[in-house]
Structures are given as structure tokens and as C-alpha cells.
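Please read the following report alongside the sequence and the model.

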Amino acid sequence: MKERVIVVTGGNRGIGHEICRQLAQLGLIVVLTSRNEKEGLEAVANFNKQGLSVRFHPLDVTSPSQILKLKDFLSKEFGRCDCIVNNAGIFLDNKEGNFFNTDIATVRQTMETNTYGPYMLCQALVELMKKNNYGRIVNMSSGLGQLNDMGGGYAAYRMSKTAINVITKVLAAELAGTNILVNSMCPGWVKTRMGGAGATRSVKEGADTAVWLSTLPDGGPTGKIFRDRQEVPW
Ligand SMILES: NC(=O)c1ccc[n+]([C@@H]2O[C@H](COP(=O)([O-])OP(=O)(O)OC[C@H]3O[C@@H](n4cnc5c(N)ncnc54)[C@H](OP(=O)(O)O)[C@@H]3O)[C@@H](O)[C@H]2O)c1
């Protein structure tokens, strides 16, 4: 069997960068994507210096044309795509914001990146997974998107993360019976530019469940949401 090829979005920094490191350390071929080409290339050069098999491809997840270019690259270079980690995300809500003063442009912009980007990427790349009847899709969600425990504030971000869970459920249902497993996860509160310095977890801890879901064995769970490798309620 050829080596597995894994696409990670938002790999230039934060949790995505650490996911790339951990997956490459397992010997997988990682395609680190980022919208910031300079930072993405620098990250890849550093990984390569450490002997890790990481390649770069530019990707702004909101760009349909860049998604098609990525698909073309994967087809020509590897003839496969075994895993997508939909990690890229934004948090635009004002910390003091509420439902009434969060303007709809903020909601739309957040949905474009956090939800519609992953939707389009899955639409494009699942075809390559079907070819080999193998695929793992990891959707980076958040506790803030859990309906089970939904509170006020952060309306745009919350909606986008609840909606990415819908992608997980619908895709998992439509791919039932195949060897393509689709799951959501929450990384916890992680020290990154988004999480801030007061967060309780390291990027290493935040990346762990994503790496585990990316490498699930055949017959593993699908259509579920996890935190610390444990299933949690929606
Ligand atoms: N940190 C936490 O506590 C926490 C908690 C729950 C969930 N999460 C989720 O975990 C994921 C990673 O977050 P993080 O904490 O690592 O945040 P981060 O440090 O702010 O990194 C976010 C990453 O997403 C990229 N990105 C944003 N918009 C993009 C776009 N349109 N196309 C491609 N890349 C884009 C950023 O690229 P640029 O450098 O170009 O901006 C960056 O690489 C996100 O989905 C986030 O919602 C984080």
C-alpha cells in the first residue's frame, strides 16, 4: 500500500501546525495548507529540516478555485487523498458581543471560513477517497457549538461550529458502509492566537484527538464528536 496522504487546513500556526507535526512524525505524508503562503512555506521548510515528510500547497478555504487547484495537485502528485483535517477557523465575535449586536456580516464571514470552506473541501476531495475506499475526515468543532450546552454570546462562532457538526452527521450518513469515517472533535481551550495565553491546554494536547481520528483503524467510529478521544454529546 502507498503511504497515506493527509491534507491539513490552517497548518501554518496554532493547532493545525501541531497536527501536521504529529502526523508527519507517524510517517504519513502531510500536505500542509495555508492561506499565508510565506508562513506555510517557512513551516514546511522547518519540518523538512527535521526530516519530516511535509509538503506545502496554498489554500484559502473560502476559495473554490484554490480548492480545485489543491484537488488537481493531489491527483497529479499522489493519485490519492486519504484524510482531510478541517482545522482552519476564525473567531470574529466581540467578547462582549451578544445576539443583537453581532452583525450579520460577521456571521456570514464566520460561516464562510468555519463551515462552507470545510463543506466545499469535502465535496471536492471525497471523490479521491472513494477511489481507494479509504478516508478519514476530521472536522474541528468546539464546545461552543454543542447544542447540549448552548449558552449566550459568540453567536457567529457558535453557529459555525454547530453547523460543521451537521456536515459531520450528513456526510457520515451518506458515506455509511464505505471505509470513509467522518467525525467532529473539540480540542479543549488551547493556547493559540485564538485561544489566548490564558488557555489551559498546550497545542500538543489540542492536536492529540485530531491525530487519533486521522488514523482510525477500519471499522472505527463515524458520525460522532470527540474530546480527549472520548465521545461527547452534540
Ligand atoms: N484554541 C482554542 O481554544 C480552540 C477551541 C476550540 C476549537 N478551536 C478550533 O481549532 C481550530 C484551530 O484553531 P487555533 O486555536 O489553532 O487558532 P489560530 O491559532 O487562530 O489558527 C487558525 C488557523 O486558521 C487559519 N485560517 C483562518 N482563516 C482561514 C482561511 N480562510 N483559509 C485558510 N486558513 C485560514 C489561520 O491562518 P492565518 O494565519 O492566515 O490567519 C490559522 O492557520 C479552529 O477551527 C478553532 O475554531 C480552537
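The report below describes pockets, a helix and a single valine.

## Basis of the model

This is a predicted model, in which local features need pLDDT of at least 70 and side-chain atom pairs count only at pLDDT 80 or more, while totals for chains, interfaces and linings use all residues. Residues are numbered from 1 along each chain as its sequence is written, and side-chain values use heavy atoms, with hydrogens and water left out.

## The largest pocket

The largest pocket holds about 1100 Å³ of space. A pocket is an open set of points on a 1 Å grid over the protein atoms alone, where a 1.4 Å probe fits, with protein on both sides within 12 Å along at least five of seven lines; lining residues have an atom within 4 Å of a point. The volume is the space filled by probe spheres set on the points, which are joined across faces, edges and corners.

Of the 39 lining residues, Gly89, Ile90, Tyr157, Thr192 and Met194 are the closest to the centre of this pocket. Helix 1 (14–25) and helix 5 (155–174) are the elements that give two or more residues to the lining, and the largest share, 3 residues, comes from helix 1. Helices here are DSSP runs (H or I, at least four residues), as are strands (E, at least two), numbered from the N terminus.

## The second largest pocket

The second largest pocket has a volume of about 280 Å³. Of its 13 lining residues, those closest to the centre are Tyr119, Gln123, Val170, Leu171 and Glu174, and helix 4 (104–132) and helix 5 each supply at least two residues of the lining.

## Helix 2

Helix 2 spans residues 37–49, and its 13 residues reach 18 Å from first C-alpha to last, close to the 18 Å expected at 1.5 Å a residue, where the expected span is 1.5 Å times one less than the number of residues. Its buried residues are Gly40, Ala43, Val44 and Phe47. Because these cover an arc of only 95° around the axis, they lie on the same side of helix 2; the arc is that of the directions from the helix axis to the C-beta atoms.

Buried means under 20% relative accessible area and exposed over 50%, with partly exposed in between (1.4 Å probe, protein chains only). The exposed residues Lys38 and Lys49 are carried on the face of helix 2 turned away from its buried side, whereas the buried residues pack against helix 1, strand 2 (29–34) and strand 3 (54–58), contact meaning heavy atoms within 4.5 Å.

## Valine 107

Valine 107 is placed in helix 4 and counts as buried, at 11% relative accessibility. When residues up to four places away in sequence are not counted, valine 107 touches Thr102, Ala156 and Met159.
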